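Colleague: I would like to go through this model with you. Shall we start with a term and then take the elements in turn?

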Amino acid sequence: MTGHTCLALPVPALEGWVRERTAHYDESFVSADPAFSHAHLTLLSPWVPAPSPADLQRVGEVLAEVGASTVVLTSVEVFPDGLVHAVPEPDGPLRELTATLVEAFPAYPPYGGRYGEPTPHVTLDRVGPQVGLGWVRAALGDLLPAELVVDRVDLQWWGNDACRRLHSWPLGGSA
């Protein structure tokens, strides 16, 4: 089966919107798993292709040492490659969380190391003939600003007709 794993933070406030945009582009990435978060903030992806029990335990140990935090998705911006995304503020706790996971799994840098130090973001869409920054901002309406409580990390599988949540860990101090 083709696809990849992803350690991600679920973003419930944008789930419906991102799920709809995902369906617009490729229905095969719309998950039937109600625990799967289409709207997410990527921490490490691709991650271990077939995580072992020891890999899962290591993630749990790392995350038990990380406290929960809150960020606010404040605005919509565009990366130079045309990826339209929501910007979390402050992004320091997210950068620290990613760095902590990279330290534990140095063979799996974010995005395979393509972008150096990644910018925390929530993917919303891509600029195209009918999609621009203004269109996305207007289409989101009053969904932003949105508070994101960072209290758990999900292990997701992303693949055609196979998207699902594989595991979830609370951050230290989370219920």
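Modeller: Contact here means heavy atoms within 4.5 Å. The model is predicted.

Colleague: Against which elements do the buried residues of α1 pack?

Modeller: Helix α1 spans residues 15-25, and its buried residues are Glu15, Trp17, Val18, Arg21 and Thr22. These cover an arc of only 165° around the axis, so they lie on the same side of α1. Exposed Glu20 and His24 sit on the face turned away from that buried side. The buried residues pack against β5 (122-126) and α4 (133-140).

Colleague: Is arginine 152 buried, partly exposed or exposed?

Modeller: Arginine 152 belongs to strand β7, residues 152-158. Buried would require under 20% relative accessible area, and exposed over 50%. Arginine 152 has 28%, so the residue is partly exposed.

Colleague: With which side chain does the side chain of arginine 152 make a polar contact of 3.3 Å?

Modeller: The residues that arginine 152 touches, not counting those up to four places away in sequence, include Arg165, Ser168 and Trp169. A polar contact of 2.8 Å joins its side chain to that of aspartate 154. The polar contact of 3.3 Å is with the side chain of serine 168.

Colleague: Which residue in the hairpin of β3 and β4 takes a positive phi?

Modeller: Strand β3 (residues 69-78) runs antiparallel to β4 (residues 83-89), and six bridges join them. Valine 78 stands opposite valine 84 in β4. The hairpin has four residues between the strands, and the positive phi, near 95°, is that of glycine 82.

Definitions and conventions:
Residues are numbered from 1 along each chain as its sequence is written. This is a predicted model: local features need pLDDT of at least 70, side-chain atom pairs count only at pLDDT 80 or more; totals for chains, interfaces and linings use all residues. Side-chain values use heavy atoms; hydrogens and water are left out. Two strands pair if DSSP finds at least two bridges between them. Helices (H or I, at least four residues) and strands (E, at least two) are DSSP runs, numbered from the N terminus. Buried means under 20% relative accessible area, exposed over 50%, partly exposed in between (1.4 Å probe, protein chains only). The arc is that of the directions from the helix axis to the C-beta atoms. A polar contact is a pair of N or O atoms within 3.5 Å; within protein, one must be able to donate a hydrogen and the other to accept it, and residues adjacent in sequence count only if both atoms are side-chain atoms.
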